[in-house]
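Please keep the sequence and the model in view while reading.

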Amino acid sequence: MDPAETNGPVLTLLLIRHGQCTSNLQHLVSGRTDSSLTEQGQQEAELLGKYFRKNNIPIDRIYSSPLIRAYKTALELAGDRQQVIVDPRLIEKFYGVCEGIPEAEWFEMMQKSGKDVYHYTPEGGEPSESVHQRITDFFWSIVNETVPESTAASSTSGSSSSDRQAPRRTTVAAVTHGAVLYGYALFFMMELGALKLENPEATPICNTGVCQFDFWRDANGKLVGKMIYLNRLDHINGASFSVKKVAAGQMYD
């Protein structure tokens, strides 16, 4: 079943990473450090907002992590169309003793621990279970509001296009951080069956990369999810700079 084949509401969830910040440029672990956008990061955010407005892509609500690099990215996405809703559940993971250290050192420490990015918690850092819980809480709060169980839909497959009505669609954007995205959100989408990745730790989410997922209810009220795209960077095409690709398990050139 596809979103176009339901007569119930559809949630389009856009998960977006913030623009390049000073810690990204210096190859440092950002974590909760309130690192500002670089000049390139500001340009990335501006291009993101312009792309959505130029292509008339509607967004009903925009949520953001409280950290400045995410909030400023969300402001550019919103433009003068709407307010940005700050939600602390979208904040980056706290890395404890690893805050501000070189990324290469953090990757080495994680690898030596024998754990993956999802299970590795540096001394004094936020436990993985805590990050997973707040991300899932955020997701279900959006789902329960936009696609509640009471809206179980019947399939319209077989109906003529003239009889079929477009589903009611709510688009929600969440501007957050790299570790939250590839360390937790993508794993959660896999748990839901909305995403299949053989090696999620090697999946890069670039600065201002956009991931889209659609969710709806089937005739039995079960939530169904589908990935539309991952790490989309159409807004960067033609820019005078390139973005650094970083995944949970490795860094790319």
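Which residues in H2 meet which residues in H3? The model in which this is asked is a predicted one, and the contact is described first below.

## Helices H2 and H3

On the side of H2, the residues that take part are Gln42, Ala45, Glu46, Leu48, Gly49, Phe52 and Arg53, and in H3 they meet Thr73, Glu76, Leu77 and Ala78. Sorted by class, this contact of H2 with H3 holds five nonpolar, three polar and three charged residues.

Helix H2 covers residues 39-54 and helix H3 covers residues 68-78, and the two pack with their axes 7 Å apart at an angle of about 30 degrees. Because angles under 35 degrees count as roughly parallel, H2 and H3 are described as roughly parallel to each other. The crossing in which H2 passes H3 is right-handed.

## Helices H5 and H6

By class, the contact of H5 with H6 divides into ten nonpolar, three polar and two charged residues.

## The sheet

The model also contains an open sheet of six strands, arranged in the order S3-S2-S4-S1-S5-S6 with mixed pairing. Strand S3 (84-86) and strand S6 (223-232) stand at the edges, and each has a single partner strand, so one side of each is left without a neighbour in the sheet. From one strand to the next, the twist averages 20 degrees.

Within this sheet, strand S1, made of residues 10-17, pairs with strand S4, made of residues 169-176, in the parallel sense and over eight bridges. Thr12 stands opposite Thr171 in S4.

## Confidence in the model

The pLDDT averages 86 over the protein, and 85% of the residues score at least 70. Over residues 159-163, however, the pLDDT stays under 50, and for this stretch the model has one contact beyond four places in sequence. The pLDDT is also below 50 over residues 248-253, a stretch that has 24 contacts in the model beyond near neighbours in sequence.

Methods
Residues are numbered from 1 along each chain as its sequence is written. This is a predicted model: local features need pLDDT of at least 70, side-chain atom pairs count only at pLDDT 80 or more; totals for chains, interfaces and linings use all residues. Side-chain values use heavy atoms; hydrogens and water are left out. Two strands pair if DSSP finds at least two bridges between them. Helices (H or I, at least four residues) and strands (E, at least two) are DSSP runs, numbered from the N terminus. Axes are lines fitted to C-alpha atoms, for helices over the stretch in contact, and angles run from 0 to 180 degrees between N-to-C directions. Angles under 35 degrees count as roughly parallel, over 145 as roughly antiparallel, 65 to 115 as roughly perpendicular and the rest as oblique. A crossing is left-handed if the near helix is turned anticlockwise from the far one by less than a right angle, and right-handed if clockwise. Contact means heavy atoms within 4.5 Å. Ala, Val, Leu, Ile, Met, Phe, Trp, Tyr, Cys and Pro count as nonpolar, Asp, Glu, Lys and Arg as charged, and the others, Gly among them, as polar. pLDDT is the predictor's confidence in each residue, from 0 to 100.
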